[in-house]
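These notebook entries record what I looked up in one protein structure. I begin with the whole chain and then turn to single residues.

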Amino acid sequence: MQLLLILIEIRKIPSNRTFKSVFSRRCLPPAICKRNFKPTHVKQVFGDRGEIYGYRNLRIDIYYLANSAKCYVDTKYTSMANPAEYPTPDDILAKLSPWLPDDYKTNINDFMVKLYTERRFQMFGAVVERVQIYNPTDEASYKYIFTCPANDDPLFKQFHVRFQRMTVWFFKEIKLDNVQDPNWIYLYVYEERKNKMKEVESLNPVGFISIYKYFHYPNRVRARIMQLFVIPPCQGMGIGSHLLRNAYREVASLDDVVDITVLEPNVTFTRVRDFLDCHLLMEFPEFDSNNVHQGFSESMFQVANREYKLNRRQVRRAYEILRLSYIECNVLDPNYTIIWGEVVNRLKNPFVKRVRILEKHLQKHPNDNQSTKDLQNLNRILEDNVIKYMNSIQDKSEYTNSHSSQLEVERVSHDTENFVAFAIEIGLQDPPEGWYLAHCLDVINITIMYTRHCLFPERRKRRFKPVFVQEIFGPKQEIYGYHNLHVDIYYLANSARCFVDVRYTGIAKPPLQPAPDDIVKQLSPWLPCDYKTDEFSFLIKLCTERRTQMFGTEVERVQIYNPTDSASYNYIFTSCRNDDPQFKEFHARFQTMTVWFFKKPRLIDVEDPNWLFIYVYEERTEEKMEGVYPVGFITIHKFLSFPDGIRARISQLFVMPPCQRMGIGTHLLRNAYKEVAALDNIVEIVGQEPNDAFSGLRDMLDCELLMKFQQFNCENIHQGYKVDMYKVANHAYKLNKHQVRRVYEILRMAYIECNMVDGNYELLLDEISNRLKTPFKKRIRIFTKILQNYPDDHKFQQYLQKLYAVLDVKIITYMNSIQMAATLFSAKLLKPSFE
């Protein structure tokens with residue numbers, strides 16, 4: 001007993017669905033389905049947004065019996081929107097029904113009856129081909145049987161109506177066939193499955209091709225391929241090519257067919273068709289190398305049409321692909337120039353009349369600007385068509401040519417690109433779309449320079465890409481005006497002096513194209529003031545680099561293993577003051593690196609005396625690289641806290657990517673606490689707009705530090721939050737009340753191992769709920785009083801419901817965050833038995 005399951009998981013987000021195949025009634029649960037695949041198109045069913053509204057944790061399972069394609073729909077959800085409070089939920093079945101078999105079931109018992117009575121060996125039509133093919137999805141070989149069913153069979157009509165409904169999930173737009181029309185021709189492919197005893201267990205349809213016979217004046221027929229469908233687990237195996245080959249044979253056997261065409265072929269189908277046509281035609285002497293290089297002839301069309309009913313346009317395309325294939329796309333071969341000229345002349349035909357009219361008009365009216373623009377547009381369209389078509393057939397010729405090696409393909413594509421680039425450079429053709437466009441994250445690289453050898457790609461020790469570029473290049477993160485663009489930014493490893501190297505192979509030239517972006521101008525505000533664009537000047541700075549210079553007073557030294565370099569280094573932490581002019585210049589340079597890694601970077605004013613700095617240096621002892629090199633820092637700013645205290649605010653914590661996730665950030669923050677705690681007037685320390693990574697690091701460190709105090713042991717924690725906890729944490733590390741309270745909650749959660757059954761979990765949840773409810777109490781009280789006086793006021797009812805909803809979300813989000821922090825902390829330090 002076999003089933004095909006379409007599993008649709010839909011929430012109030014664009015729908016991503018999973019399709020699965022199961023092979024017995026025991027496989028009805030999706031967890032043990034054997035085949036998984038997702039749909040690619042849902043707009044025809046669920047609209048342009050691909051969303052379903054009104055259900056929480058919605059799950060839709062659509063099952064198809066593997067042989068008969070009879071269907072069962074199972075809809076599950078945990079809750080549904082109340083129409084009295086929210087908009088009416090979508091009617092899922094009403095949306096699905098037009099695209100499901102007419103007799104689909106929604107009751108599992110009714111469907112199981114169909115499953116038990118399934119005829120697993122039913123196969124429609126006469127067998128036209130059998131072939132053994134390896135299926136990589138199942139890691140097994142199956143026999144695939146191709147049949148041509150008769151369209152006058154009532155049982156086949158019922159079956160095809162059911163099976164073709166599956167295509168709605170894979171075609172952008174489909175129109176269901178009218179199976180009562182006798183002009184349809186179908187070819188199906190069945191997968192023969194065997195049991196462990198090597199006996200045939202079932203025959204399952206996995207795809208089909210449909211052809212419609214249109215009238216062709218005066219008394220002939222034109223065959224048109226309407227659909228070719230193969231279920232995803234059987235794609236990429238050549239089944240589509242076999243279906244198309246058998247379609248050619250079936251159509252060629254009909255006497256009154258003129259030729260065969262295709263209805264709106266997509267890119268995938270075009271590739272399959274081109275490859276198959278070339279493979280079939282190159283067996284005829286008319287399409288051998290010698291005849292193809294003599295040019296297109298009528299005999300080529302006649303033999304292709306006689307044998308496979310190919311139309312003239314497709315035969316011409318196959319000829320052009322084969323001609324390029326025989327010369328291996330070599331742009332230096334004379335045949336390349338000949339075929340380019342043939343393509344230009346052929347594609348020019350639709351434009352000849354309009355070009356001639358415009359040229360005659362301009363001879364009489366040479367100052368007519370509109371006609372001049374129209375003529376230029378026509379020429380541009382023609383050039384675009386030629387380039388797109390040539391690129392298309394060159395791509396297909398590489399697939400067809402089975403004798404060209406990978407090295408040759410690379411050489412040919414390189415030559416072709418050089419040819420196109422040269423043609424664009426001298427103005428012979430317009431650049432294709434995206435030719436002068438580059439994505440910043442792809443073209444920008446940052447390199448730390450230890451020696452002059454780091455200028456060579458193979459010798460670079462530390463090279464990394466940026467994470468954020470919006471602040472420099474805008475929200476689109478694109479650079480216009482350059483082809484094959486590379487932007488390399490080099491920083492000297494000790495002094496952070498900078499060199500910018502911009503390279504490209506082509507540049508947009510106004511007025512033919514818009515002016516290219518000024519890359520250096522966009523970069524300048526975020527680079528050190530004395531950055532270089534000349535390599536020689538930069539190398540002079542490299543030669544005079546003081547590799548042992550280290551600013552500040554050493555506060556800690558620790559040896560840490562660096563997995564990026566597979567080596568251990570000493571990391572030296574120093575406390576710096578900005579009363580040193582050389583340090584000010586250095587930090588002004590080094591901090592520019594942070595623009596690539598902070599979403600909203602902000603360069604600090606080093607002249608402000610209220611800044612505190614802690615730097616970390618990496619000590620290296622390799623030959624020719626001896627020295628200390630800065631790899632990160634933390635900055636703290638001292639703000640006034642009324643009346644005469646100071647509040648310290650952590651502004652930035654930065655560690656360059658090759659040294660991240662090694663504990664360096666934790667050491668920087670720990671030393672920042674020590675430095676701040678040593679100052680007399682500090683009230684507390686806070687973080688400025690902390691991101692998730694910093695919050696997680698801070699939570700782990702604070703828990704580790706505070707659990708050493710008696711006030712934060714397990715026994716005292718479970719007695720509830722006390723003022724003594726804040727006092728000891730603030731005295732030792734200047735932590736603020738909000739952070740101390742959060743650490744208390746994380747530790748309490750960690751001590752109970754996040755066990756929701758523990759009584760302390762409920763107590764903690766109540767504490768957090770009451771604390772987070774405080775900002776809402778006044779508004780809740782006001783709305784409640786209003787509703788007591790005006791109980792039918794729906795507006796204030798909605799306000800109150802929204803307040804409670806916001807509060808619930810806030811509580812759930814916060815509880816999730818401290819549970820996650822407690823789990824991580826327990827795994828690292830407490831090491832309990834739970835995950």
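**Entry 1: the whole protein**

What share of the contacts in the protein with a separation of 6 or more comes from residues 24 or more positions apart? I found that such residues account for 66% of these contacts. I note at the outset that this is a predicted model. I looked up the secondary structure and found 24 helices and 27 strands in the protein. The protein has 835 residues, of which 48% are buried.

**Entry 2: cis peptide bonds**

Tyr-217 and Pro-218 are joined by a cis peptide bond with omega at about 5°. I placed Pro-218 in the loop between β11 (200-216) and β12 (220-230). Phe-642 and Pro-643 are likewise joined by a cis peptide bond, with omega at about 5°. Pro-643 belongs to the loop between β25 (627-641) and β26 (645-655).

**Entry 3: positive phi angles**

I then turned to backbone angles. Ala-496 is not a glycine, yet its phi is positive, at about 60°. This alanine sits in the loop between β19 (486-492) and β20 (498-503). Is Ala-496 buried or exposed? Its relative accessibility is 1%, so I record Ala-496 as buried.

Lys-734 also has a positive phi of about 60° without being a glycine. I located Lys-734 in the loop between α21 (723-733) and α22 (737-751). Lys-734 counts as buried because its relative accessible area is 12%, and the cut-off for buried is under 20%.

**Entry 4: a glutamine in a loop**

I looked up Gln-591, which lies in the loop between α17 (581-590) and β24 (611-620). Its relative accessibility is 3%, so Gln-591 is buried. Which residues does Gln-591 touch, if those up to four places away in sequence are not counted? I found Leu-603, Ile-604, Phe-633 and Gln-652.

**Entry 5: salt bridges**

How many salt bridges does the structure hold? I recorded 35. In one of them, the side chains of Asp-138 and Arg-193 meet at 2.8 Å, N to O. Asp-138 lies in the loop between β8 (126-135) and β9 (140-148), and Arg-193 in strand β10 (residues 184-194), so this pair ties together parts that are 55 residues apart in sequence. Asp-138 is partly exposed, at 22% relative accessibility, whereas Arg-193 is buried, at 11%. Arg-193 also forms a salt bridge with Glu-191, and their closest N and O atoms are 3.0 Å apart. Glu-191 and Arg-193 are both buried.

I looked up a further pair, Arg-557 and Glu-554, whose closest N and O atoms are 3.1 Å apart in a salt bridge. Arg-557 is partly exposed, with 43% relative accessibility, and Glu-554 is partly exposed too, with 39%. Elsewhere, salt bridges with shared partners link Arg-462, Asp-565, Glu-618, Arg-620 and Glu-622 in one network.

**Entry 6: a charged patch**

Which residues gather in a patch of positive charge on the surface? I listed Lys-773, Lys-777, Lys-778, Arg-781 and Lys-785. Lys-778 counts as exposed because its relative accessibility is 60%, and exposed means over 50%.

Technical notes
Residues are numbered from 1 along each chain as its sequence is written. This is a predicted model: local features need pLDDT of at least 70, side-chain atom pairs count only at pLDDT 80 or more; totals for chains, interfaces and linings use all residues. Side-chain values use heavy atoms; hydrogens and water are left out. Patches are made of residues with over 30% relative accessible area and no salt bridge: like charges are joined within 9 Å, nonpolar side chains (Val, Leu, Ile, Met, Phe, Trp, Tyr) within 5 Å. Accessible areas come from the Shrake-Rupley method with a 1.4 Å probe; for residues, only the protein chains shown count as cover. A salt bridge is a side-chain nitrogen of Lys or Arg within 4 Å of a carboxyl oxygen of Asp or Glu. Lys and Arg count as positive and Asp and Glu as negative; His and the chain ends are not counted. The place of a charge is taken as NZ of Lys, CZ of Arg, CG of Asp or CD of Glu. Buried means under 20% relative accessible area, exposed over 50%, partly exposed in between (1.4 Å probe, protein chains only). Helices (H or I, at least four residues) and strands (E, at least two) are DSSP runs, numbered from the N terminus. Contact means heavy atoms within 4.5 Å.
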